[in-house]
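Please find below a short note on selected side-chain packing features.

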Amino acid sequence: VHIQKNPAQNMAFSDADKKRERFLSANEASMLLDGLRLMYCDAYFFAKISLFTGMRLSEIAMLERNNIDLNSKIIYVEGKTGHRSVYLPDNLIQLFEILKKRNQSVYGNRCFNKDINTISRYFRIVINAIGLNDGVTDTRQKVVFHTLRHTFCSWLAMKGIPIYTIGELVGHKEVRMTQRYAKLSPDTKRDALSQISN
């Protein structure tokens, strides 16, 4: 039996190839959430949580009730980069109250009982229905579930939130992973200078 080697095994990919550039506008995000809410509730929950916390799809899928502290507005996550605290904005409190009350006989301690593939499938259906990827050939510009995490970071950067803080919120291990969002907040350096002059 002849085993073929992976033709891409020794190819080097630049960091730019891996970087997703596309993020959603507020209108696009609203259309996406509305579509998901109509199509499949759990996919809507997943998307809304990612969009407003920056959590990864896998982190949301593994959520358990005892990881959620609604009094402190914190979710304790064990994710790709280790243990971290995710802060809950006010617009997600009601959603997490629903998740904490879900029938334990069906879900056990888990908030969700669906696999990632099911969520991804419904996500793609809605993305295709509203046409967010129509005519897009560059993979960095395609809307995928991870685009929601990227949107969270991008929106924060556009609001002038420091890059270090964004990295902390989403659990980036290195500052260089968050550095790409710096271009979205070009006025922050000028604002800093105006503070000095005042």
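**Note on aromatic pairs and one leucine**

1. F46 has 0% relative accessibility and therefore counts as buried; the term means under 20% relative accessible area, with exposed over 50% and partly exposed in between (1.4 Å probe, protein chains only). F112 is likewise buried, at 0%.

2. This is a predicted model, in which local features need pLDDT of at least 70, side-chain atom pairs count only at pLDDT 80 or more, and totals for chains, interfaces and linings use all residues. Residues are numbered from 1 along each chain as its sequence is written, and side-chain values use heavy atoms, with hydrogens and water left out.

3. The structure holds 5 aromatic pairs. Rings of Phe, Tyr and Trp (its six-membered ring) pair if their centres lie within 6.5 Å; planes under 30 degrees apart count as stacked, over 60 as edge-to-face and the rest as tilted. The F46–F112 pair is tilted because its planes stand at 55 degrees, with the centres 4.4 Å apart. F46 lies in helix α3 (residues 41–53) and F112 in the loop between α6 (104–107) and α7 (116–130), 66 residues apart. Helices are DSSP runs (H or I, at least four residues), numbered from the N terminus.

4. F52 and W155 form a tilted pair, 6.5 Å centre to centre with 55 degrees between the planes. F52 is in helix α3 and W155 in helix α8 (residues 146–158), so the pair ties together parts 103 residues apart in sequence. F52 is partly exposed, at 26%, as is W155, at 23%.

5. L24, in the loop between α1 (15–18) and α2 (26–39), is buried at 0% relative accessibility. Beyond neighbours within four places in sequence, its contacts (heavy atoms within 4.5 Å) include L132 and W155.

Definitions and conventions. Helices (H or I, at least four residues) and strands (E, at least two) are DSSP runs, numbered from the N terminus.
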